[in-house]
Amino acid sequence: MRNTNNFKNPYNIGKPIYEPEKFFGREELFQFIEDNLRADIKILLLHGQRRIGKSSILEQFAYKIPQQEFIFVCFDLQDHSDSSLSDLLYNLAEKIAEKLALDSNIIPVPSEEDFKKNPDIFYGEFLPKIYQRLGEKNLVLLLDEFDVVSSDNNILNHGNSFFRYLQILIKQQDKLFIILVLGRSKDDFKNLSQLFNSPPFQEVGLLNDLSARRLITKPAEGMLEYDEDAIQSIFRLSAGQPYFTQAICFNLFMEAKIANKWKVTREDVREEIVDKAIKSVEGGLIWFWDGLSIYEKVVFSAVAEAQKLAFEQKQLLPEEPFTRLKNYGVIQTEELIQAAKQLVSKGYLDDTERRVKIELVRRWLVQSHPLNQEIFQLEEIEKEEINKISEKETQLYRHGKNQDVIDHYEEILKLNPNHFSTIPILAERYLKVPNFDKALKLYTRAYQVNPNRNQEGLLLAREAYGKNLREQGELIKAKVQLEGVLEIERDRESAKQQLIEIDAELETQKALSIKVDKQVINPNKNNLITAIRQPVILGTIATVIAIIGGSIRVNLISTSCSEGQQRVNDSCVSNQPPVLTSNPTTPPTLNDNIQSNISRGDRTLFFTIPNTYRDQGIKEFKEGHYPQAVKLFEEAVKNNRKDPEVRMYYNNAKAHEKANSSTGAEYSPLTLAVVIPANLLDVSQEMLRGVAQSQQQFNANGGLNGRLLEIVIANDSNNPAQAKQIAQELVNNKKSLLGVIGHGISKTTQAALPIYKQAGIPIISPTSSANVLQGKNFFRTIPSDAAFGEKLGKYATNYRLNKVVIVYNPEDTYSNSLREEFKRNFQGQIIDQIDLTEPTLNIEQKLKDSASQNVQAIMLFPDVEHTSTAVDIAKVNFNNNLRLKLLGGDSLYNNQKILQDGGNAFEGLILAVPWFRETSQAKDFSQAAKQLWEGDISWRTATSYDATQAFIKSLSFQPSSATIWRRLQNLNLSPTVTSGDKLKFYKGERQSKAILVKVEQGKFKCLQECSL
């Protein structure tokens, strides 16, 4: 048994590495140096971050580059930032003499006084003697921390004189080479580089995987053993930064020695070790932090926090730092944008500007420099100029000129948009004017910056605005403001009381409105309505009635519609299914106003879902008041987070708001359409959730070149004739329409497809699987029925279900297609094919007949509209104890219908589905979606998300339906940007397989075959 008590920690934190056996990597760097020296390049530049290992590299030159030709002398300028030229030369001469072990009697070093009198003795007397001693060898000066004498404060004085002296040296001394080592990025030393005629430079960067692996394992070889997962965990934390790698390993070794456990696993690289490592290197972290500008610090902290949130929410890509800053009330400025680019240039952020390169640094930032603290550094910007402006403040107040005071504070914010202490003061002044819009905007921003300090100001402003709106009769808008108060302070009695009173007024309006409607239909019953109809008073039904002796203002608009219609946004539309003409030669007529089934945000397609904020947002959207619509739709989302329609309208309103804020068309919305069967609420909502989730991600990330995505929602009611009308109406706007997602089922997609094809509009269906759907412009993100039929056919064959019955709808494209594909892949007997549309269908008798013929399974292939019949079939099988095994297609993959309505009757059901949230590849997406929609999602949400992602990833600088069609053909998306599976089309078909799931104990479970 080995004695571990004598084991010494082999890892080194923060000190240069002198021993060559403890130094790993950098082979390419040393080769670069050697090649340039042999090419007689006199000056070279090395640059890199602080603590990246530059000093250790300098100590290794003697071991890495042959000494027959070069002698290396390292001179650290760290303590010479304020030294004069004579002091620098004297100390450099001493270092050379020490390195060469010179006898001072043979080659004496001139005194400090000698250098002060004449600095030229360094190259005139001292260096020639050194060359004579070196013989054939050349002298290479390694000047470490060279930038301490090249700072902005010094470069024009003594620093500049040192540079000039080096220039002279290089020109005069054939046997002298100089390597300058700087702790800056290459963008920071342009002037310095030009001073030396742009010499070759090389970055001292992070270690690659192999070198980092050696740095982790080699020093402790024979003592400490690392699992592969542990090595990878360390590398993920340090990203190959040697200083941090050493710190983590140092603490792991200490832990191993204490526990006498000499094998490191991934579990050992835990938070406690990371915290200890951070503490070990905190001095170095503070050093580089202090070297950043205020803007860089703020952006750095924003990126770190955005990453933290992405980890917690299981998002693959963190939000932009400027989105995070906006949430704190920070205005994006050019300086902040440039700071992000500088952090990339310095190697602190990756190229996306959304990730800290080194995870250990990110964790330190979250701990020590949280964003809610760092943003206040922005107050220091333009501080002197702002102080000068502020000196006028007292005089302005004394004269009582309110507008002058407002202009005074606006001037400060113009100079520094992020002077946070000014924001609540200016908000208060606007509230006094009153200018509620500006006051609320500023108070909201102040609340984002500092919720504790500015909450009361925001709440008072909202209440004041609510009161003002109420007095003007704008009760719904007043309600929005007051409900906003309660979202922040739930028990605020003053807001509660106002809301109670507003609700009472709204009820009174509603009752009066209903009464008026009835009397408009029957005018003889009430003289008031008869009077209203007189031309002298009003020529239309709509009027404003003042209730004499009361305080209620009622905006009355007749809500009466003819039978079979309902009022939607001040218009009467049909609430009945479309009725086709009986003459087959006559084109079908459905709804004269097909526009009532299409919406960008100007109507709702889901009348049964109440949402006051949505209805008010629709009104503002129709009138082109997009900023107001954005706010109201945002409230609508908060009111019902599960509703994708309002989330889409919110994003659409933002897209139009941005377009309207520009003078040209450069920010016009990018428009896609999604066609759903609004009469089937669950199916439609599931599809829209996937589209809305993709749209929100795209818009939140700034869209494409500033252009945001707009989604047009259309309802085809699962009716082929209406689907054609919808398709024609959509392609009439071909110039703006880039593509279509839909339709809901195969038969409506089949009906509309020729119209899209003729117009050259690409269509991606997330839910239509029928094999008959083909065309050069047609794509789908769901596998075809060939995949589902193959999966079910092979399963039935492999499990020896030799006799089966098929239940299907011969008039439905999907149902019939799945039946044919199953038959093609099934090797047993099909005893019967039950037609779901048969008027005299006796389910119980059919199943009993099948059981008497030793049938083993029922293949349930209903279309969406006959899933209820499939439930009845399952219950008959269960209640009569027929013990027929149930298999089915994706139309039955519905929690409500199958798991809840079917209950125990569906226990053991096998379904072939396109996507399952419990598979390993789908978990990240399904968890993120669950959090967004506050509940589990279906396969329709996943495939609809993928369809939208496919369109988004096919956008180009100036997208058109033609360019998108071409790019879709070559699309190849990784699982990280889809719902879990890669997305690639071959002749429009997604290259993916169906998945088998089984109902066990009332839940869908994935079978072993699902991974095949």
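Predicted model: local features only at pLDDT ≥ 70, side-chain atom pairs only at ≥ 80, totals over all residues.
Phe 925 is buried, with 7% relative accessible area.

**Aromatic pairs**

Phe 925 is paired with Tyr 945; the arrangement is tilted, with 4.5 Å from centre to centre and 45° between the planes. Because Phe 925 belongs to helix 38 (residues 923-933) and Tyr 945 to helix 39 (residues 939-953), the pair ties together parts that are 20 residues apart in sequence. Tyr 945 is also buried, at 5% relative accessibility.

The model holds 28 aromatic pairs. Among them is that of Trp 289 and Trp 364, which is edge-to-face because the planes stand at 85°, with the ring centres 6.1 Å apart. Trp 289 is in helix 12 (residues 271-290) and Trp 364 in helix 16, so this contact ties together parts that are 75 residues apart in sequence. Trp 289 is buried at 4% relative accessible area, and Trp 364 is buried at 1%. Elsewhere, Phe 23, Phe 30, Phe 61, Phe 70, Phe 72 and Phe 177 are linked by ring pairs into a cluster.

**Salt bridges**

The count of salt bridges is 49. The table gives three of them.

| Salt bridge | Closest N to O distance |
|---|---|
| Lys 263 and Asp 227 | 3.5 Å |
| Glu 359 and Arg 363 | 2.9 Å |

Lys 263 forms its salt bridge with Asp 227 at 3.5 Å. Lys 263 is in strand 7 (residues 263-264), while Asp 227 is in the loop between strand 6 (225-226) and helix 10 (228-238), so the bridge ties together parts that are 36 residues apart in sequence. Both residues are partly exposed: Lys 263 has 38% relative accessibility and Asp 227 has 24%.

Glu 359 and Arg 363 are both in helix 16 (residues 359-368); they are about one helical turn from each other because four residues separate their positions. Glu 359 is buried, at 11% relative accessible area.

Arg 824 and Glu 821 lie in helix 34 (residues 813-825), three residues apart, so about one helical turn separates them.

**Charges over rings**

Arg 647 lies over the face of Trp 933, 4.9 Å from the ring centre. Lys 658 has its charged end over the ring of Tyr 667, at 5.1 Å from the centre.

Technical notes
Residues numbered from 1 in each chain as written. Heavy atoms only, no water. Salt bridge = Lys/Arg side-chain N within 4 Å of Asp/Glu carboxyl O. Helix = DSSP H or I, 4+ residues; strand = E, 2+ residues; numbered from the N terminus. Buried < 20%, exposed > 50% of the residue type's maximum accessible area, 1.4 Å probe, protein only. Phe/Tyr/Trp six-rings, centres within 6.5 Å; stacked < 30°, edge-to-face > 60°. Lys NZ or Arg CZ within 6 Å of the ring centre and 35° of its normal.
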